[in-house]
Amino acid sequence: MLKRVIHWFELEPVGTLLSYDHDAMSRFVEAGALTEPKRTRYANCVACKASLPVQVQSWGEHLVRCASCGGDVVLGIEFQSVSAKLSWLPNSLAAQIDSTLKPVVTLIDNRLWRISEATSATTAVYLLRSTINLDLAPIMETLNVDFDDGRRLILTTSPFRNMPEPTAESIFLPLDEVAHMEPEGIRLDARSLLPQLIDQVPLWFELPPPYNRLTLAGETLRLRRRQPDFMRLLRLAHAAGQKKASWRALLRRAGYRDVYTSLAQVFPDEVFRFIETSKDDVWIRKAPLPKSRAGPDRQRKNNR
Ligand SMILES: [Zn+2]
């Protein structure tokens, strides 16, 4: 049942009319996923030969023109049609995740909705109406503008071709992995959804917004310039259960543009008391090093 609802929801163009089948569709009309059935006729264009269904009452038929070219039409057989109500799906999901958020926040019309509050303390949840060949660039841009302070879970109506791999910050998850359809409507499955919403790992350090103070075992490191961005991304990796992260990837995402061969080229000694780095990885120490010592990379450099 969920497959069929998702298919209606993804139909292009938005508002596509579906021939109404009472046995198959009446329950979805009642649930609010489909519009009320309306009298419909095919408008067959005399000029361009297009044949498009149009919802029309008998008293309005003389006004119908071809939707493609504006030409005169001959009306075909009469039937009932419905179309998908796009607001139904995000609202139904939002009501189950965060009933305080009313209405949901539309970020891109008919494409992207935020269906939970966005705070750094929780995972922000979005619904993406996907297509096989989705252009991801405007989606990511919009997501980053909306919320860049913590984890995001993006429920996609279907898998799509260039679906991104999960990272510490963003997870794309097909809707049918966490939801199913019941006669009265769509139901999120808490058992499969909850693990995606919780920071899996308790953190052994503190790095609250705006991420400019890293506190570890009672000592605080002040972060400057782009360091807060770097540490925020490292925090997300740790919160997602990763013991280490690629420091090159973090530098790039934090906006460092140069090419570095060692993290010691970027951060001063003081920072290495709080983080440790190996060839490719970086992680936050369990406790700061004593003030007289620095990290292994730095030591090697100083010994040269
Ligand atoms: Zn026409």
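## Two buried cysteines

Both Cys45 and Cys66 are buried, a term for under 20% relative accessible area, with exposed over 50% and partly exposed in between (1.4 Å probe, protein chains only). Cys45 has a relative accessibility of 4%, and Cys66 has one of 7%.

This is a predicted model, in which local features need pLDDT of at least 70, side-chain atom pairs count only at pLDDT 80 or more, and totals for chains, interfaces and linings use all residues. Residues are numbered from 1 along each chain as its sequence is written, and side-chain values use heavy atoms, leaving out hydrogens and water.

## The zinc site

The zinc ion has as protein donors the SG atoms of Cys45, Cys48, Cys66 and Cys69, lying 2.3 Å from it. Donors are N, O and S atoms within 2.8 Å of the metal (3.2 Å for Na, K and Ca); water is not among the atoms, so sites may look incomplete. The donor residues follow the spacing C-x2-C-x17-C-x2-C in sequence. Cys45 belongs to strand S2 (residues 38–45) and Cys66 to the loop between strand S3 (51–55) and strand S4 (73–82), so the pair ties together parts that are 21 residues apart in sequence. Strands (E, at least two residues) are DSSP runs, numbered from the N terminus.

The site is tetrahedral, with angles of 102 to 115° among its 4 donor atoms; four donors count as tetrahedral if all angles lie between 85 and 135 degrees.

## A strand pair

Strands S10 (residues 179–182) and S11 (residues 185–188) pair in the antiparallel sense over 4 bridges, where pairing requires that DSSP finds at least two bridges between two strands. A hairpin joins S10 to S11 through 2 residues, and His180 stands opposite Arg187 in S11.

How values were computed: Four donors count as tetrahedral if all angles lie between 85 and 135 degrees; four count as square planar and six as octahedral if opposite donors are over 155 degrees apart and all others between 65 and 115; anything else is irregular.
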